[in-house]
Amino acid sequence: MKPNFKLLILLAVISGMTLSCKKYLDVTPDNVATIDYAFRNRNEAENYLFTCYSTIQNMGPSNKDGAFTTSGEIYFPNTLTEATLGSRDAEQGFHLIRGVQSTDNPSLNYWDGEQLGQPIFKAIRRCNIFLENIDRPKDLAQFERNRWIAEVKFLKAYYHFYLLRMYGPIPLIKQNLPIDAGTDEVRTKREPVDVAFAYIVSLLDEATPDLPLTIQDPARSLGRITQNIALSVKAEVLTTQASPFFNGNPDYTGFKDKDGVNLFPTAFSAEKWNKAMLACQAAVKSCEESNLSLYHFTSPGNLPTISATLKTVMDIRQSITENWEKNPEVIWALNTQFDFQSMAMPRLTNAMVQNMDGARGNFAVPIGMAELFYSKNGVPMAEDAGYDYRGRYAVAAAGTDSKYYLKSGYQTIKMHMDREPRFYADLSFDGSCFFGNGQTDPENMLYVQARGANSIAGPKDNIRVNVSGYWPSKLVNYQSVFGTEVAQAGFRIPLIRLAGLYLLYAETLNEVNGPTADVYTYIDKVRARAGLKGVKESWASYSTNPGKATSKDGLRAIIQQERRIELCFEGRIGWDLRRWKVMQDVLSKPIQGWNIQDTTPEGYYRQRNLVIPVFGLKDYLWPLKYNDLIVNPNLVQNPYW
């Protein structure tokens, strides 16, 4: 088909692209007048390639990520005197758990590219235009042309997958419509989810062989798509398809289009889990053969020797915040840097009080999340035979044996004692030690004081306040310094890292074969880095329910909790909770925090409700905007909306 130059209207220059240290993500063709110009030579075609990447880079900020904002891992208050994310509009994703989503003007609307949502269908059209025209440049070597085609096929697959996770059945934009397309052609229909999954996988399979295994020139091209990324995304796609929400979900049995076609599969398929397992296996094998490995912290020469206890904490913290060029665990990260360290940082010094805007600390972790982490024995607190679960809220003084976790002698609650290393690596709270912020002497670490308005980290006003008493300090680089001046050491939150892929593989292995040696192997790799014994040993030695680790259902629950702990605050768990079809259960309990205004330990450690979440069956999928249904009568609304 002859290219239609009028389609270039769709190619308006992308404004506001995220600034980047990687040159290739900053390039957008200026004043493009024709497709002929855009593909007249290699350089112009490469510029257009990078516009295909631009939408995915603009999806990076965490407040635009529905999985980050709606998972219940982080609570953001709606009562602050001032907007601390720049505007009230920037907060809207965090408030969806209050039941404020609507069909009139949906928040995080990625279908239309509104309300913080990116215009994904426009991004797919750009990909199609690229694929239709990339044969034009005469000075483009065939091997490079093949790589670029593969990259854009991957992006096209991922854009469809992103929509599929959010909306379920979606139209598949396999090629762009001509400008003179008739009404019936323009009014697309939503395809059944299994058809959409199959199309996404086919694009990934087409793309993978022509992608590089790894990036050879990281200074210029890190962040571009590799075989390891494509294989890992395929593993996520197929695991999502096999999971309970998309695999024989009875809540969507009657969900049909206007022609009576079922949009969700009506029966469970065990074969989907087998395909997911094989995809995870292939991804793990490729990553390990590429020398990817779990991250372990190496102290720079300017740091003193740190204890094994603190070394484990840093192994965990830096697996997220380490420079991606030095982190062997990162499979895929966007070029966009995490922009909310100040929201995850507790005030630690008087200098930080003088500059409270430097570390506002509004990202509040609910008590329920703090309780999710294991005891020091690597099992849930409620299942640990030696843990005083009923007395966990009793006040006690921290001992010297936990001096790298808690300020010695500080009055806190027993729940903050004898927990696994990830608890101390990922969270800051009243009495917890903090390695970093310019103070890296292990014997003289800063610590959090959060009780009442007179404390350094406590509530001074209704703006720079953490309303739960827990900060997700996993999201703060230890090299960042907050004080009267702020110097942040930037980092990128991984979209996929090896620990998550290991746990995904373990999940699929368990679903296919039940508890086997391979399942334990891949869970235990992650647990070992976190300073824990293996699953079988931990449950046999410490749990009141030792049989849990040896049954398929029990091991499923263990794997899910392991993922929720290991990947917390990274924007992954919101999708997991949806595909597992457990988000309604997770958000059925009030989100709680401590009584932060009280100055005494006994008064401070009293639970108070912050919000009672509103999450029903309809909230598993985003609604389509009502106006879209008017414009295109072939579309049907998602159930329960």
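In this predicted model, the lining of the second largest cavity comprises eleven nonpolar, three polar and one charged residues. The largest share belongs to α11, which supplies three residues.

The search of the whole structure from which this cavity comes finds ten cavities of 30 Å³ or more. The largest cavity has a volume of about 280 Å³. It is surrounded by 23 lining residues, with M59, G60, D65, L334 and L495 nearest its centre. By class, the lining of the largest cavity holds twelve nonpolar, five polar and six charged residues, whereas the lining of the second largest cavity includes one charged residue.

The open spaces may be considered next. The largest pocket has a volume of about 990 Å³. Among the 30 residues that line the largest pocket, F121, R125, I173, V186 and T188 lie nearest its centre. Helices α4 (120-133), α6 (183-186) and α23 (626-631) are the elements that give two or more residues to this lining. Helix α4 gives the most, with four residues. The lining of the largest pocket is made up of 16 nonpolar, five polar and nine charged residues.

The second largest pocket contains about 850 Å³ of space. It is lined by 30 residues, and G368, L372, R564, V586 and K589 are the closest to its centre. At least two lining residues come from each of α14 (367-372), α19 (552-566), α21 (583-586) and β11 (591-594). The element that gives the most to the lining of the second largest pocket is α14, with five residues. The classes represented in this lining are 16 nonpolar, seven polar and seven charged residues.

For helix α17 (residues 517-529) and helix α18 (residues 535-542), the axes come within 9 Å and cross at roughly 80°. Angles of 65 to 115 degrees count as roughly perpendicular, and α17 and α18 are therefore roughly perpendicular to each other. On the α17 side, the residues of the contact are Y520, I523, D524 and R527, and they meet V535, K536, S538 and W539 in α18. By class, this contact has four nonpolar, one polar and three charged residues.

Conventions. Residues are numbered from 1 along each chain as its sequence is written. This is a predicted model: local features need pLDDT of at least 70, side-chain atom pairs count only at pLDDT 80 or more; totals for chains, interfaces and linings use all residues. Side-chain values use heavy atoms; hydrogens and water are left out. Axes are lines fitted to C-alpha atoms, for helices over the stretch in contact, and angles run from 0 to 180 degrees between N-to-C directions. Angles under 35 degrees count as roughly parallel, over 145 as roughly antiparallel, 65 to 115 as roughly perpendicular and the rest as oblique. Contact means heavy atoms within 4.5 Å. Ala, Val, Leu, Ile, Met, Phe, Trp, Tyr, Cys and Pro count as nonpolar, Asp, Glu, Lys and Arg as charged, and the others, Gly among them, as polar. On a 1 Å grid over the protein atoms alone, a cavity is a set of points where a 1.4 Å probe fits but cannot get out, and a pocket is an open set with protein on both sides within 12 Å along at least five of seven lines; lining residues have an atom within 4 Å of a point. Grid points are joined across faces, edges and corners, and a volume is the space filled by probe spheres set on the points.
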